[in-house]
Structure formats: structure tokens, C-alpha cells
Amino acid sequence: MNRLLPLIVFLALLGAWEGVVHVQAIPPYVLPAPSLILSTLREDWSLLSASLWVTLRITALALALATSIGVALAILFAQWTWLERSFFPLAVILQVTPIIAIAPLLLIYLDADTAVLACAFLVAFFPILSNTALGLSSTDHNLRDLFDLYGASSWQQMCLLRLPSALPYFLGGLRIAGGLALIGAIAAEIAAGASGQGAGLAYRIVEAGYRLNIPRMFAALALISVAGIAIWLVLDFVNRALLGKWHDSARQRG
């Protein structure tokens, strides 16, 4: 019953939304009813599904790039502290700069797809870099002393001790980065849509706004929400599969 409770609450909210729209006779261009949004989603599925694929493809590619580059840099930072002190502040600067302010600038120098990919990458990159670097630096010092005692090289320590110890930290950063990659892609697509470029879901929202097609705006927004939930579920499954029963976080969650 407890597992069904969120679904029951969600359906109750949708029912209340539907009832308020019909009782108050709210026009669709102000607030469409859930039934109208579902109907619009079915009628415009060919258009919206193509845009959904564009957004998901860019999000997945940005996440893959952020993961590979972020983990590689974290390993280099862990091996050479002077490298971390030199370049980590630059990563912080990129993280704290609002992506919505960077997107219009990137659209000047890059084509729309590349600019959206770059924005999604920049948003997803820092959580993976910082969490992995934290995990690599949090390895039990007693185990590191033991590896030193047996004459293990720094790279042997990295592969056999520090990387496995950092796995929970990395997976935590990956789950954060998955949602942020989607957010970054959407933010960049909004900027691209405002300039008449792009083909993702956010572009469809901007286009529908110009045409006052509010039901399509809500339908595209619903697809974005579903995509975000799907990304979280996939990454949560990866987290459970890799941690299994050996890490406390997975064991406590059952």
C-alpha cells in the first residue's frame, strides 16, 4: 500500500485539476485540463516524439562526455595535487556561471545542436568531477598504508583500491548529473528556440508559446518530466546493480 500511495496522490491531484478546470470553465489557452493534454499528446505524438528523441540523444551524449572526461580528470587530480590546484577552480567557475547566460553566447559561435550539447555537458560535468575526486581522496588511509607496505605503485593503488572505494561517490554524482544534463539541454534549447533554431522539446514549448498552443506546451512539459523520471530510474538501477549488497547505502535501501 505504501508503494501505491504516491500514485494515488498523483491521480487525485490530476482529478482535482480536471474538476477545477471544468467547474470553473477555464479556457484551454489559460489552463488546459489533463484530458486535453493527453489528447494533444496523442494527436501531436509524431512531432513531439521526434523532439523527445532529439533532447534525449543530446542528454545521453552530454552525460557520456561528462562522465568520461570528469572521471579522467578526477583520476589525474588525485595523482597530481598540483594539477588539481591549478585547474579545479576553473571547473568551479564553469559550474557557478548560469548556463542560461552562456547558451546565447555559444549559439553565436556554434551550431544549435553543438551549443545545446556543450551546455548540457557543462552542467553535468562538475558533479561527476567533484564527487569522483572526493571519493578518490576519501580512501581509508590505513588501506593505503597497507598498499605502500606491500610496495604497490600509485597506479596499482588507484586501480585496485581508490577507484573501487570511490565508486559510491561517483554513482551519487552520476545520478545528480543525469538530471542536470537534461536541465542543461532544456535551458539551451529554450535559448535556441528563442533564436529560431533547434528541434528539441524545449523548442516545441517556445514554438507553442508563440502560437498560444498551451495544450501542446503542457504536453511537451509532461514528456520532459517523464524523461527526467526515466533517466533517474535508469541511473538508480545502475547504482543498485553496481553497489549490490556490499555497500551500506544499497543494503539500507533493500
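Trainee: What links Phe77, Phe88 and Phe126 into a cluster?

Mentor: Ring pairs do. Rings of Phe, Tyr and Trp (its six-membered ring) pair if their centres lie within 6.5 Å. This is a predicted model, in which local features need pLDDT of at least 70 and side-chain atom pairs count only at pLDDT 80 or more, while totals for chains, interfaces and linings use all residues. Residues are numbered from 1 along each chain as its sequence is written, and side-chain values use heavy atoms, with hydrogens and water left out.

Trainee: How many aromatic pairs does the structure hold?

Mentor: Five. Take Phe88 and Phe126: their ring centres are 5.8 Å apart and their planes stand at 45°, so the pair is tilted. Planes under 30 degrees apart would count as stacked and over 60 as edge-to-face; the rest are tilted.

Trainee: Which parts of the chain does the pair of Phe88 and Phe126 link?

Mentor: Distant ones. Phe88 sits in helix 4 (residues 81-96), Phe126 in helix 6 (residues 112-137), and 38 residues separate them. Helices here are DSSP runs (H or I, at least four residues), numbered from the N terminus.

Trainee: Why is Phe126 called buried, and why is Phe88 called partly exposed?

Mentor: Buried means under 20% relative accessible area, exposed over 50%, partly exposed in between (1.4 Å probe, protein chains only). Phe126 has 17%, so Phe126 is buried. Phe88 has 21%, so Phe88 counts as partly exposed.

Trainee: What makes Glu207 and Arg204 a salt bridge?

Mentor: The rule asks for a side-chain nitrogen of Lys or Arg within 4 Å of a carboxyl oxygen of Asp or Glu. The closest N and O atoms of Glu207 and Arg204 are 3.1 Å apart. Both residues lie in helix 9, three residues apart, about one turn of the helix. By this rule the count comes to five salt bridges.

Trainee: Are Glu207 and Arg204 buried or exposed?

Mentor: Buried: Glu207 has 15% relative accessibility, and Arg204 has 14%.

Trainee: Which residue forms a salt bridge with Glu207 at 3.5 Å?

Mentor: Arg211, with that distance between the closest N and O atoms. Arg211 has 58% relative accessibility, so Arg211 counts as exposed.

Trainee: How do you know that Asp236 and Arg240 are separated by about one helical turn?

Mentor: Because they are four residues apart in helix 10. Asp236 is buried at 7%, whereas Arg240 is partly exposed at 37%. Salt bridges that share partners join Arg175, Asp236 and Arg240 into one network.

Trainee: Where is Leu212 found?

Mentor: In the loop between helix 9 (201-210) and helix 10 (214-243). Leu212 has a relative accessible area of 61%, so Leu212 is exposed.

Trainee: Why is Leu13 called exposed?

Mentor: Because its relative accessible area is 57%. Leu13 lies in helix 1 (residues 5-24). Leu13 is also one of the residues forming a nonpolar surface patch, among them Leu4, Ile8 and Phe10.

Conventions:
Patches are made of residues with over 30% relative accessible area and no salt bridge: like charges are joined within 9 Å, nonpolar side chains (Val, Leu, Ile, Met, Phe, Trp, Tyr) within 5 Å. Accessible areas come from the Shrake-Rupley method with a 1.4 Å probe; for residues, only the protein chains shown count as cover. Helices (H or I, at least four residues) and strands (E, at least two) are DSSP runs, numbered from the N terminus.
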